[in-house]
Amino acid sequence: MIVADRKSLQEILAMVADKKKILILGCKGCVTVCNVGGLKEVEILAASMKIARKKEGNDIDIDIQVLERQCDTEYVAGIRDVVGNYEAAVSLACGVGPQFLSEMYKDQTFYPGVNTTFFGGAVQHGIWEERCAGCGSCAIHNFGGLCPIARCAKSLMNGPCGGSSKGVCEVNKDTLCIWDAIVKKKMESGRLDDLIGVKPIKSWKTARDGGPRRSIREELVQGNI
Amino acid sequence: MRLSYPADIKIIQVPCTGRVDILHLLNAVEDGADGVYVAGCLEGECHYISGNLKARKKVAYVKKTLTEIGIEPERVEMFNLSSAQGARFAEIAREMTDRIRQLGPSPIKKKSHAA
Amino acid sequence: MSELKSGSNLEKVLKAGHFAFTGECGPPKGANVEHLKEKLSHLVGKVDAVNMTDNQTAVVRMSSWAGSILMMEQGLEPNFQMVCRDRNRLAMMSDILGAYALGVRNMLCLSGDHQSFGNHPDAKNVHDIDSMQLITMVKKMRDEGKFLNDEDIDVAPKMFIGAAANPFADPYEYRPYRLANKIAAGADFIQTQCIFNMEKFRDFMKKVVDMGLHERCYILAGVTPMKNAGMANFMSKYVPGMDIPESLIKRLKGVDKKDQAEEGIKFALEQIQEFKEMKGVAGVHLMAIEWEHKVPEIAERAGVLPRPKV
Ligand code: SF4
Ligand code: SF4
């Protein structure tokens, strides 16, 4: 899923400092699963903002809504009738949400309430980790099913670098050296041969470097592309 | 045994402090409560294994939020005691009311009254 | 290794079977040419080539190719370092061409320390290709006369290709294999990370020799003289991939503060002596960090002077 972190209360408050009536929009997709932008988090943000504004003697009126998915025009269209009632809106969806909203409702301002961070999953309750960088040409089967593009701090195709120490990456002691894990897995399974030779230079054309990407499933497209 | 505790405390009973939500605490503050505290079972003695530990983390979250807003985090607290400790319950209640008296009324109340 | 690949002095020294002795120098944090020249002046005639570091530890300095050119003006041969952190393949190839056009004949291909260690931790890290792939790229440019995209190069850069090896990084058992990969990729010579743990290095070299790697490439052992116990402590704690045995720190601490530098040099000299005899070691790479003026003395005492004329 897409993982995000809530922006600090201060940052969000500053975004809407001059607004009296706002809408906070949650999303039932990834951000609900990673506990950052679902109903509960929307309610908590609303309550926290109200307390902060009350304290300043500058009450704020906040309505909340949680859309099925903010990355789908069908659901984004659901707020058509009310979106104009607010001075601004804060979206707690990943970066896609406030963009779909901004594209559909040109007269409204949508502030991002979260910082979208990575594609990953929960490794334990409350802790999420990055797994994929969306490079557009997956090759993890060559690396024991572990992605060095997303998980090595230097995206090495031929690691580990000289900074790998005791299974930990040189960037900080809480980061696993994925190359240590790849090598150990290969050694343990007697497949070290897979790592002999140079992994060829990667084409980044399919990644973000090639420009914004688009996926087309022709069988699903109605009308012209 | 009936022990007296300060009358200005409003008690909300829950089956387990695990049921206490961040939102309950925030809503209480938002509605003008001068302080909120959660009285859970002793750590390690939760009937639902870890309800009281979860409650402690939620209290910590609310403290952090209040700090960010500029409200004294001491207005929100977590206490642990066993159901057999009636005297301790009253003591905690007094402790908390003393603390709140010292802090004075919640800035939320003050401001909305002034407004 | 019959014909010369680059014709560099370092290549000739190694090919002639001499025990190589290379130095290292960081370019200035600014455009202070005088300071650079002063540092380099100590190395003239004492080493076969000098590494010019490339934004080492991710701290911005004068570009390594410019430093290399300035070095040549002083009569020293540069070993132009290039890290994968700061340039994509376009910038790398054009810098290689530029450096070669201006006379650079050796280069060292590195990944580069992560930018979070340096003075611009907010920078984007490039890593378009990795150090292993950089070796293959420089080799392709040299041997096939082609860019990465297979287009012909009009006058190909003939570089003597170097790579680094850290025998002390983990997983330890894999390190000889990674070295083998670098050699297969096209490394002509290897400079190792600073060695302090001799026991581990002996073991590493034994594995390397057993695999026959020393016959396919020249291995230069990295030596850094410690200035004092504090430096040893610092490096052990903060420099990634360093293995500094407690015994060395103790040894330095064991002498008077003012004698610690001499003790550090003594240890370095003992190391060099051992490397001269060690099977598979073709030379020493001396990294006297901000201690260039000590290089003549160390070279003299190590008995590696005069440097061979080839
Ligand atoms: S190889 Fe690319 S697509 Fe596959 S997991 Fe890594 S970043 Fe994602
Ligand atoms: S220590 Fe491991 S994960 Fe970190 S940059 Fe080096 S190879 Fe990659």
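Visitor: How many salt bridges does the structure hold over all chains?
Guide: This is a predicted model, and the count for it is taken over all chains together. Side chains of opposite charge can pair when their charged atoms come close. Over all chains, the number of salt bridges held by the structure is 43.

Visitor: Which helix of chain C holds C:Arg301, the partner of C:Glu262?
Guide: The side chains of C:Glu262 and C:Arg301 meet in a salt bridge, at 2.7 Å from N to O. The pair links distant parts of the chain, 39 residues apart, with C:Glu262 in helix 10 (residues 260–277) of chain C and C:Arg301 in helix 11 (residues 295–302) of chain C. C:Glu262 counts as partly exposed at 29% relative accessibility, and C:Arg301 counts as partly exposed at 37%. The helix that holds C:Arg301 is helix 11.

Visitor: How long is the reach of helix 2 of chain B from its first C-alpha to its last?
Guide: Helix 2 of chain B runs over residues 51–69 and has 19 residues. At 1.5 Å a residue, the expected span is 27 Å, and the model comes close to this, with a reach of 27 Å.

Visitor: Within what arc do the buried residues of helix 2 of chain B fall?
Guide: The buried residues of this helix include B:Ala55, B:Val59, B:Val62, B:Leu66 and B:Ile69. Seen down the axis of helix 2 of chain B, the buried residues line one face of the helix, because they fall within an arc of 130°.

Visitor: Which exposed residues does the face of helix 2 of chain B turned away from its buried side carry?
Guide: What covers the buried residues of helix 2 of chain B includes helix 1 (9–15) and helix 3 (39–55) of chain A, together with helix 1 (22–30), strand 1 (36–40) and strand 2 (76–80) of chain B. On the face turned away from that buried side, the exposed residues are B:Lys57 and B:Lys64.

Visitor: Which helix of chain A gives the most to the side that touches chain B?
Guide: Between chain A and chain B the count is two salt bridges, and the side chains of A:Lys40 and B:Asp21 meet in a salt bridge at 2.7 Å, N to O. Helix 1 and helix 3 of chain A each supply at least two residues of the side of chain A that touches chain B. The most, with ten residues, comes from helix 3.

Visitor: What is the area buried between chain C and chain A?
Guide: Across this interface, 29 residues of chain C are in contact with 29 residues of chain A. The size of an interface is often given as the accessible area lost when the parts come together. Carbon and sulfur atoms give 58% of the area buried between chain C and chain A, which is about 2300 Å².

Note on methods. Residues numbered from 1 in each chain as written. Chains lettered and ligands numbered in written order. Predicted model: local features only at pLDDT ≥ 70, side-chain atom pairs only at ≥ 80, totals over all residues. Heavy atoms only, no water. Helix = DSSP H or I, 4+ residues; strand = E, 2+ residues; numbered from the N terminus. Expected span 1.5 Å × (residues − 1). Buried < 20%, exposed > 50% of the residue type's maximum accessible area, 1.4 Å probe, protein only. Arc of directions from axis to C-beta. Contact = heavy atoms within 4.5 Å. Salt bridge = Lys/Arg side-chain N within 4 Å of Asp/Glu carboxyl O. Buried area = accessible area lost by both parts, 1.4 Å probe.
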